[in-house]
Structure formats: C-alpha cells, structure tokens
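Visitor: I am new to this structure and would like to learn how to read it. Please show it to me.

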Amino acid sequence: KTDIKVGNFSANNFFCYGFCSYRSGAVFTFGKSKFADDMPSVFWLKNDVPERIACGDEHSALVTGNGKLFMFGSNNWGQLGLGSKQTVQKPTCVKALKGEKVRLVACGRNHTLISTEQGHVFACGGNGEGQLGLGDCEERTAFQRIGFFQAHGPIKMLAAGSNTSAALTADGALFTFGERDSGKLGLRPERLARHRVPQRVESITEPVLQVACGGSHTVALTGYGVYSFGLGQFGQLGLGTFVFESQLPRPVQRFQAGRPTRVTCGESHTAILTDTGLLYSFGDGRHGKLGLGDQNFTNHFHPAVVPRFLPLAVQAAACGGCHMVVLARPRGPGCSAITLEDAAFDFLGEPTATLQRSLSARVRRRERVGSGAGEGPNRSRTSEEEVSSQETQNKGALTDEEEQSSLKSEEEEDDSDTLKSSQETEGSEEDARNKRNDEDEETEEETETEENPEEESEEEEESEENEEEEEEESEENEEEEQEESEENEEEEQEESEENEEESEEEEKSDGDEDENEREEEEEEDVVKKRKASLRKQQSSKSAAGGRRGRGVLG
C-alpha cells in the first residue's frame, strides 16, 4: 500500500514536503523542512502502521492504522492542534484526540481538518476567511469540533485549499466553507454571506465521489464527469481560454480516452487519472509541473494527456505548488501500451475524434457526389436511396417480435401478389407496354427539363464570360488611353523644355551680338578720334612752316 502527498499552497515560496508510506511503517520525507535539516529522511512508527498522510504549506499530518494522529512542522497559526504555536520538528501524537479514532485528514495552507470514526469533524489553525467552519474568523491552536456535520451523516472525504475547505458526505453531498471570493466555494451569490459555516453545493445534482481543493479553485468528481469552479486564470479549471473564473461548478470536457477516477489539485494546476491508467494535466505550466515535456512550459486551459506515461499505468498522483509526483507501474502482460491515437487526444489535448468525424463526413460526401455523377432519374434515385438509408439508420434496429411480424406481413403480401399476378398475366402485358411507353416519355421530358436548366446555366456562364471579357477589354482600353496620355504629356514637357532652352540660347546670342556691335562702335570712335588728332597735328605743323617762310622772305 502506498500513499503520496506533497505540500505548498503558496506560489511565493517553495516549502514542500513529500511522503511515501509502506506497510513496513516507514515514512520517507524530502524537501525543505525543519524536521531533517532539508535532507531526505526516513522514520518508523513503533507497533503501528501509517495509513494516510497529508501535507500543507509548512506542516504535515500522519494517520496510523490504530486511529492516531501525528503532526509536525510549522505551527505559527496553531495548525498542528497541539494547544500552542511552537514549531514541532518531530512527529508528535495529538493526545487531545485519544478518545477518537482519526480516519481522514486534510492540510491547507495554515489549517488542518480531520474526521473520526465516530463521524465527528474537527478543525484547527488559521481562520482568517472562516475556513475552519466554526462560524467566526478566530484561529484555533487546538482541534475544535464542527457541530454542523453532526446532523449530516458520516464524512467520507475532506479537502483543504489555501483558505477554503470542503467536506464530502457518504451520500455524495458536497459542502464548502471559507474564502468566498471569485467563486471558490461554488455557491450562489445569495448564500455567500454565510461562508463561515459549511453549505452544500447544490449546483452539482448528482452524487459527488471525490473532491480536491487547490490554491484558489476546487474540482469535484462525479459518476458522470468532472466539475470545477473558482479562479482559472492559469487554466486550472480546464474550461477553455475564455474562462478565467467560474462562480458555479461547470463540467470539464475532453475525457474521451477513459473515465476519470481520481482528481488532485496544486496551487494553480490540476491532474486527473482515468480508469485506463492515463494521466491528464492542465493549468499553470511553469517549472514543467504539468509533465508535458522539457520544452512545453506554457499554460494549458484544456485537459492534456501526459505522453510520457502512455506506456505505463498511472496509479496515483499528487500536486504541489510548483511540482507534481506520479506513481506508475508497467501495464500487465495482456495489456499493450496506449498510443496517442488510441487515446483520441494529442499531447496538447486536442481531440482527434472530431477530426475523424469530419474526415468520415467528407468521405461520405465524396461518395455521394461520385454515385450521383449520372444524369436524369439516376441522380434522383440515388438521393432517395440516401434519404431512406439515413431514415433507417436514425430509426434504429427493430425488436425480434416486430421483425417477425414484418416478415409475416411481407410473406402474405408476396403471396397475394403472386396470386394476383397469376390471374392477370394475360391482360397485364399490354398495360405493362403502355406503362413502359409512358415512363419513357416521362424520362425524356425529365431529361429535357434537366437539359434546359443545364443550357440556361451554360448561357449564363457564357454571358458571364462575355461580361468578364468586355470588362477586361474596357480595362485594357483605359490602361492604353492612360499610357498614351502619359506619353503625350511627357512629349509636351520635353518640347516645352527644348523651346525654353532654344529661347535662352537665342537671348544669349542676341546679347553677344549687341556687345560685339558696341565694341565695334567704340573701336570706330577711337579710330575717328585718332584720325582727327592726326589731322590737327598736321594742320598745326603746316601753319608753323608757312610763318617761318614768310619771315625769311621778308
């Protein structure tokens, strides 16, 4: 016999404990603890055998075959039920419960619940949200009895979350109490005011078989399926990517590979076992706690088969804050390993059954198209045969008596038909010929009527093709016109540019000619001035010579 439990309902630390108990009485511990200085350890109980174990955030509980309760770990809120708040490093028997035989125990983040063989339920520890079910918010350092369950029969299962608690009675009634925010109790709004005392979750109508509480969500198992409620921001509800919170219980789908038989919850993830030995996980994928592979740490909002355990049969699983522990063994000699195809799910939780159904529908549709490829009455006959076959499939098989009666009536009809046919053989030949002629005429008319719509459809197609060709031609003409207009504009721009350049050159040439004329005029003026000065000089010289001659002559 084995039992596995892991603790840690807080996402901000990594205090966790792991336990395995065997018939020999050995209890193995590992993880961070003050009990063994954070080292793996083992201890034995004298003259007793451990049967049940439970782990909270920083404390642990152990129930023996004789109904004794041992507690150890942190005790800051009195969750050990020993009457004080002192930390206990070794498993210590709760002597205040000597008159009771403890059968069930559940540890939350900082509180503890137990149930005894006498049908009594006790609670101790933190009570800030009313998770002890005592009607107030005062913490208890010693176990105190919850009187509510005295009148509701024996308890068959207890569960504790961070600040919530759940109890399951023998008749399948589920009761919750504690923190009321975000639908963590699964109660209707008008009943949340009394969240400090146990109240039945009436939204689940069928008897509940198991219940598990996570950090802020709860999962319940019935004979018909799995229900979840509370917070689901990481996908721990398994209700899809658009459901981050559920005030009331809602069914979890996608368990086509087997019937769920066990549920367990961690801080923000969930694991479910089936009768076929498969393990499903969903929720927060950080740290690889979902077991879906070293490269797949994403959140999963739908149940996904853990492919690593397909060759094995999973026996038990326990979820902690950031990890999960699984107990699995090889399948029997007559059982083969289950593949993803057999499970009808891939490792991401997508069902292949819907894909197979869609493919089969496509095949049937293709067969119908192929069988109805002919023309005229054959097509109508095949459609009628398909309709009749579908109707017969929907109606289902008849009982033996109905089949016998139908067979008898058919035999009687056949006998009467044979008698009538024997009596009317002579006069029926001409009628048959007439009927055949009429049928041939009808078939010809039908073919003509069927050909007419085909011709109309061909004409419509031709008209549509003509319209498309006209549209294409108009589009091509428009494109050509646009191209021609663009070319004309470019030529005009080039001509205008050339004219401007010629005008500029002409202006430049005119200016040069003017300057040349001016220079020539200036040069002519200079020449004229020089000639005039020379003439003056000559005239003056001639005048001076005449004067001299006159003087000599005189």
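This is a predicted model: local features need pLDDT of at least 70, side-chain atom pairs count only at pLDDT 80 or more; totals for chains, interfaces and linings use all residues.

Visitor: Which residues touch the most other members in the largest nonpolar core?

Guide: In soluble globular proteins, nonpolar side chains tend to be buried together. A nonpolar core is a set of buried Ala, Val, Leu, Ile, Met, Phe, Trp, Tyr and Cys residues joined through side-chain atoms within 4.5 Å; buried means under 20% relative accessible area, with a 1.4 Å probe and protein chains only. Here the largest core has 19 residues, and Val-226, Phe-255, Val-263, Ile-272, Leu-278 and Tyr-280 touch the most other members. Another core, of 17 residues, lies apart from it and includes Leu-69 and Phe-143.

Visitor: What is the strand order in the open sheet of four strands?

Guide: Strands are DSSP runs of at least two residues, numbered from the N terminus, and two of them pair if DSSP finds at least two bridges between them. The order is E5-E6-E7-E8, with antiparallel pairing. Strands E5 (50-55) and E8 (88-93) stand at the edges with a single partner strand each, so one side of each lacks a neighbour in the sheet. Five bridges join E5 to E6 (59-64); Pro-50 has Thr-64 as its bridge partner in E6.

Visitor: Which residues line the largest cavity?

Guide: A cavity is a set of points, on a 1 Å grid over the protein atoms alone, where a 1.4 Å probe fits but cannot get out; lining residues have an atom within 4 Å of a point. The lining consists of Gly-172, Ala-173, Leu-174, Arg-200, Val-201, Ile-204 and Val-208.

How values were computed:
Residues are numbered from 1 along each chain as its sequence is written. Side-chain values use heavy atoms; hydrogens and water are left out. Buried means under 20% relative accessible area, exposed over 50%, partly exposed in between (1.4 Å probe, protein chains only). On a 1 Å grid over the protein atoms alone, a cavity is a set of points where a 1.4 Å probe fits but cannot get out, and a pocket is an open set with protein on both sides within 12 Å along at least five of seven lines; lining residues have an atom within 4 Å of a point.
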